[in-house]
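Hello,

Here is the structure I promised to pass on. My notes follow below it.

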Amino acid sequence: MENNTQRVIRAMYDNDTITVYQAFNKQIADAAVKAQTFVSPPFKMERMTWIKPSFLWMMYRSGWASKSDQECVLAIKLKRKGWEWALKNSCLSHYIESIHDSKESWQDLLMKSPVRIQWDPEKDINFKNLNYRSIQVGLTGVAVQKYVNDWIVSIDDVTEYSKSIQKEKDQPNNKIDLPFEKIYPLTNDLAKIINATYL
């Protein structure tokens, strides 16, 4: 991860919630939509689960909901206080010399932290890299428990919407109705923890 690359969180959010995306098989997705949270089983609480606020990065990762075990795309509204707890209690997934005191201290934090932060090149609608990176947040342990039991406000299946965007993008003169994502506000402290570039 290059330290001089722009890293910003763009998301759909309001005063209380932020929308993130995940893709699962139909069994996990259907149970989650019905219960309006994740149900174990089939959802595995003991595994790390990655949430992404970028719709197009989710489309890239799931191949427009076509990859195995990613056939259903869910839009999950979270409490912003939960999202920010995750950022506050996170560790970057890669060691950066200019940020961490030592590789050993980073490794120790990585082992102890319930949340991991990864920055990947954001994509446009044709999956070409944009000039900034988009955040992925990996939850494990107590963070998964909080996610499932407290943070989730609603879950919607947006698979058909996702597939409609895929079809429309290749049609001439079609106006693509993508989710409106804007830069998510961060305190200086949170921006420093996650290595965001807009302090």
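Helices (H or I, at least four residues) and strands (E, at least two) are DSSP runs, numbered from the N terminus. Helix H7, by that rule, covers residues 188-194, and Asn-195 sits in the segment after H7. Please keep in mind that this is a predicted model: local features need pLDDT of at least 70, side-chain atom pairs count only at pLDDT 80 or more, and totals for chains, interfaces and linings use all residues. Residues are numbered from 1 along each chain as its sequence is written, and side-chain values use heavy atoms, with hydrogens and water left out.

Now to the backbone. Most residues other than glycine have a negative phi, and most peptide bonds are trans. Asn-195 has a positive phi, near 65 degrees, and is buried (under 20% relative accessible area; exposed is over 50%, partly exposed in between, with a 1.4 Å probe and protein chains only), at 8%. Ala-65, in the loop between helix H2 (55-62) and strand S4 (72-79), also has a positive phi, near 60 degrees, and counts as buried at 4%.

Two cis peptide bonds are worth a look as well. One runs from Ser-40 to Pro-41, with omega near -10 degrees; the other runs from Pro-41 to Pro-42, with omega near 15 degrees. Pro-41 lies in the loop between helix H1 (26-35) and strand S3 (49-51), and Pro-42 is in the loop between H1 and S3 too.

Next, the helix packing. H3 (residues 80-88) and H5 (residues 142-151) have axes 10 Å apart and an angle of about 175 degrees, where axes are lines fitted to C-alpha atoms, for helices over the stretch in contact, and angles run from 0 to 180 degrees between N-to-C directions. The pair is therefore roughly antiparallel (over 145 degrees; under 35 is roughly parallel, 65 to 115 roughly perpendicular and the rest oblique). Gly-82, Trp-85 and Ala-86 of H3 meet Val-142, Ala-143, Lys-146 and Trp-151 of H5.

Finally, the interior. A nonpolar core is a set of buried Ala, Val, Leu, Ile, Met, Phe, Trp, Tyr and Cys residues joined through side-chain atoms within 4.5 Å. The largest has 40 residues, and those with the most contacts inside it include Phe-38, Trp-83, Leu-87 and Tyr-147. H5 gives the most to this core, with five residues. A second, separate core of 13 residues includes Tyr-21 and Phe-55.

Best wishes

Definitions and conventions: Contact = heavy atoms within 4.5 Å.
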